[in-house]
Amino acid sequence: GYVINKNTKYPSMANQVLVMLRGKRGMQIFIDNNKAIASIKDEDIDLFKYSNIHYKEKIGAYNGSIQMPLVGLSKNSSISAIDYFYSEGFNDKLELYIGNKIDLEKTQNVIVNDSNAWLNENNK
């Protein structure tokens with residue numbers, strides 16, 4: 001997506017550019033001139049013209065796929081919240097439950113404690 005830098009010299013004008021880019025005309029220009037898949041709400045897909053029907057299908061597939069949350073930590077935005085789930089040992093904790101080595105409540109407690117420790121270490 002697009003964002004406006006907090007230090008932009010003309011925030012109102014920058015916002016107007018975003019409004020234009022995300023509007024119907026701007027999105028149609030994007031569709032007509034880009035190989036990248038446009039991010040269009042399912043209910044709006046049929047509002048646009050596609051020179052390639054597969055492009056339209058790709059938008060639908062993209063909308064149904066899992067998208068990564070890009071929430072950066074409040075004090076260290078270079079680290080995304082999703083990084084915790086990819087951290088070393090996270091899957092091991094789940095496997096303890098899946099393998100019936102610990103119960104659900106214990107698994108939740110382990111993950112909550114571990115995620116809080118991870119957050120304290122990474123959000124400095």
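This report covers helices, cores, salt bridges, a pocket and selected loop residues of a predicted model.

## Basis

The model is predicted: local features need pLDDT of at least 70, side-chain atom pairs count only at pLDDT 80 or more, and totals for chains, interfaces and linings use all residues. Residues are numbered from 1 along each chain as its sequence is written, and side-chain values use heavy atoms, with hydrogens and water left out.

## Helix H2 and its cover

Helices here are DSSP runs (H or I, at least four residues), numbered from the N terminus. Helix H2 spans 24–33. Its buried residues are Gly26, Met27, Gln28 and Ile31. Buried means under 20% relative accessible area, exposed means over 50%, and partly exposed falls in between (1.4 Å probe, protein chains only).

The cover over these buried H2 residues includes helix H1 (11–22) and H3. Contact, here and below, means heavy atoms within 4.5 Å.

## Nonpolar cores

A nonpolar core is a set of buried Ala, Val, Leu, Ile, Met, Phe, Trp, Tyr and Cys residues joined through side-chain atoms within 4.5 Å. The largest has nine residues: Met27, Ile31, Ala38, Ile40, Ile45, Phe48, Tyr50, Tyr55 and Ile59. H2 and H3 each supply at least two residues of this core. A second, separate core has six residues, among them Tyr84, Phe90, Ile111 and Trp118.

Phe48 belongs to the nine-residue core. Phe48 sits in the loop between H2 and H3. Its relative accessibility is 11%, so Phe48 counts as buried. Leaving out residues up to four places away in sequence, Phe48 touches Lys24, Met27, Gln28, Ile31 and Ile40. Phe48 and Ile31 are 17 residues apart in sequence, with their C-alpha atoms 8.5 Å apart.

## The second largest pocket

Rolling a probe the size of a water molecule over the atoms shows where empty space is left. A pocket is defined on a 1 Å grid over the protein atoms alone, with a 1.4 Å probe: it is an open set of points with protein on both sides within 12 Å along at least five of seven lines. Lining residues have an atom within 4 Å of a point. Grid points are joined across faces, edges and corners, and a volume is the space filled by probe spheres set on the points.

The second largest pocket has a volume of about 170 Å³. Its lining consists of Arg22, Gly23, Lys24, Met27, Ser39, Ile40, Lys41, Asp44, Leu47 and Phe48. Four of these residues are nonpolar, two polar and four charged. In this scheme Ala, Val, Leu, Ile, Met, Phe, Trp, Tyr, Cys and Pro are nonpolar; Asp, Glu, Lys and Arg are charged; the others, Gly among them, are polar.

## Salt bridges

Side chains of opposite charge can pair when their charged atoms come close. A salt bridge is a side-chain nitrogen of Lys or Arg within 4 Å of a carboxyl oxygen of Asp or Glu. The whole structure has two.

Lys56 pairs with Asp46, their closest N and O atoms 2.7 Å apart. Lys56 lies in helix H3 and Asp46 in the loop between H2 and H3, so this bridge ties together parts ten residues apart in sequence. Lys56 is partly exposed at 26%, whereas Asp46 is exposed at 61%.

Lys93 and Asp114 form a salt bridge at 3.6 Å, N to O. Lys93 is in helix H4 and Asp114 in helix H5 (residues 104–122), so the pair links parts 21 residues apart in sequence. Lys93 is buried at 16%. Asp114 is partly exposed at 26%.

## Loop residues

Two residues come from the loop between H3 and H4: Lys75 and Ser80. Lys75 is exposed, with a relative accessible area of 62%. Ser80 is buried at 18%. Not counting residues up to four places away in sequence, Lys75 touches Asn123 and Lys124, while Ser80 touches Val71, Gly72 and Trp118. Trp118 is also part of the six-residue core.

C-alpha distances place Lys75 44 Å from Asn52, 23 residues apart in sequence. Ser80 and Asp103 are 23 residues apart in sequence and 29 Å apart, C-alpha to C-alpha.

Asn100 is found in the loop between H4 and H5. Its phi is near 60°, a positive value in a residue other than glycine. Asn100 is exposed, at 70% relative accessible area.
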